[in-house]
Each structure stands twice: as structure tokens, then as C-alpha cells.
Amino acid sequence: MRRRKAKKITILPDPRFNEVLVTKFVNNLMFDGKKNLAFKIFYEAIDIVESKVEDTPGLDVFKKGLDNVTPSVEVRSRRVGGATFQIPTPVREERKQSLAMKWMITYSRKRNEKTMAAKLAAEFIASSKEEGAAYKKKEDTLRMAEANKAFSHFRF
């Protein structure tokens with residue numbers, strides 16, 4: 001590598017649950033540096049989840065949903081002799097987490113509920129039950145990797 005390795009930025013835990021994972025999710029959710037608004041939306045979504053799902057804390061539903069959406073393999077394009085192959089590769093731990101968060105946020109924004117908090121809550125609940133668009137995206141990624149398993153010898 002020509003350049004030095006980038007420094008890791010330490011992310012502080014959120015004020016309500018004292019979790020770094022929540023802060024990472026809120027950082028992905030945030031628009032235009034409006035972190036307070038993003039925290040408010042996330043906490044409201046957790047409250048909605050707690051009201052809809054009995055006997056489980058909202059944070060546990062969120063974590064379970066995030067685990068269900070987390071991919072283990074992905075396909076990467078690689079040119080070999082003039083042809084482009086989709087090569088399945090395992091995903092690094094940090095990338096797994098960030099992909100899962102981005103997918104959840106993207107597909108919750110496309111939902112039809114009224115507020116963003118309601119959209120997020122519905123996506124949390126759906127992904128914890130192994131359904132919803134973000135979970136489907138993970139399944140499609142796995143299926144694509146499975147279909148292109150024959151090209152895995154091109155990986156280096």
C-alpha cells in the first residue's frame with residue numbers, strides 16, 4: 001500500500017442505551033449533520049417497536065433484525081481475460097455491519113408509513129421476523145453468490 005493506513009475513529013455510545021451500535025446506525029440515518037433529529041427518530045422508532053411487540057425490548061428487536069439482515073458473502077466484479085465475472089467473496093466484519101445498516105435505512109425510507117420513525121419501526125419488526133425488503137436483499141445477495149460459486153477460484 002502506498003499510503004499510510006487510516007486512523008480508526010472511536011464512536012461514542014448513545015445516551016439512552018449506552019450502545020455504540022445505535023450511534024453507528026444513527027450516523028447512517030443522519031441527513032445534513034442533524035444528529036439530534038436522527039436520534040429522536042431512532043428513539044421514537046424503538047418506542048413504537050416496544051408498543052407493537054410485547055415481552056421483548058425494542059433494542060433487542062433492532063439487534064435481532066440487524067443480525068438477520070447482515071450478509072456473510074457478497075459478489076464482486078472481476079475482469080478475467082476480457083470477460084467480467086461475479087466472484088463471491090466473504091465480507092469483512094465492519095462492512096457486514098455497515099451494509100446491514102444501509103440496507104435497513106434504504107428500504108425503510110421506501111416504505112409507505114407516515115413518519116420516518118414508523119417506517120424504521122416497521123422495518124425493524126419485519127427484519128426481526130426474517131421478512132421485509134432488507135432481508136430480501138440479503139437473501140438475493142446470498143443467492144447470487146451461490147449461483148456464481150463456480151467462479152470462486154478467480155478470487156485471490
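Select N68 to begin: leaving aside residues up to four places away in sequence, N68 touches S127, S128, E130, Y135 and K138, where contact means heavy atoms within 4.5 Å. N68 belongs to helix α3, residues 58–69. With a relative accessibility of 12%, N68 counts as buried; the term buried denotes under 20% relative accessible area, exposed over 50%, and partly exposed the range in between, with a 1.4 Å probe and protein chains only.

Before the next selection, some conventions apply. This is a predicted model, in which local features need pLDDT of at least 70 and side-chain atom pairs count only at pLDDT 80 or more, while totals for chains, interfaces and linings use all residues. Residues are numbered from 1 along each chain as its sequence is written, and side-chain values use heavy atoms, with hydrogens and water left out.

**Two loop residues**

E130 lies in the loop between α5 (116–128) and α6 (133–147). Although E130 is not a glycine, its phi is positive, at about 60°. Most residues other than glycine have a negative phi. At 46% relative accessibility, E130 counts as partly exposed.

Now select D32, in the loop between α1 and α2. D32 is not a glycine either, yet has a positive phi of about 55°. Its relative accessible area of 77% makes D32 exposed.

**The aromatic cluster**

Show the side chains of F17, F25, F39, F42, Y43, F62 and F124, which form one aromatic cluster. The structure holds 9 aromatic pairs; rings of Phe, Tyr and Trp (its six-membered ring) pair if their centres lie within 6.5 Å, with planes under 30 degrees apart counted as stacked, over 60 as edge-to-face and the rest as tilted. How are the rings of F17 and Y43 arranged? Their centres are 5.9 Å apart and their planes stand at 65°, so the pair is edge-to-face. This pair links distant parts of the chain, with F17 in the segment before α1 (20–29) and Y43 in helix α2 (residues 35–52), 26 residues apart.

**The hairpin**

Select residues 73–80 and 83–90, which are strands β1 and β2; they run antiparallel and are joined by 8 bridges. Two strands pair if DSSP finds at least two bridges between them. V75 stands opposite P88 in β2. The strands form a hairpin with 2 residues between them, and G81 in the turn has a positive phi of about 60°.

**The whole chain**

Helices (H or I, at least four residues) and strands (E, at least two) are DSSP runs, numbered from the N terminus. Along the sequence the pattern is α-α-α-β-β-α-α-α. The C-alpha trace spans about 55 × 40 × 25 Å along its principal axes. Of the 156 residues, 37% are buried. Among contacts with a separation of 6 or more, 60% come from residues 24 or more positions apart.
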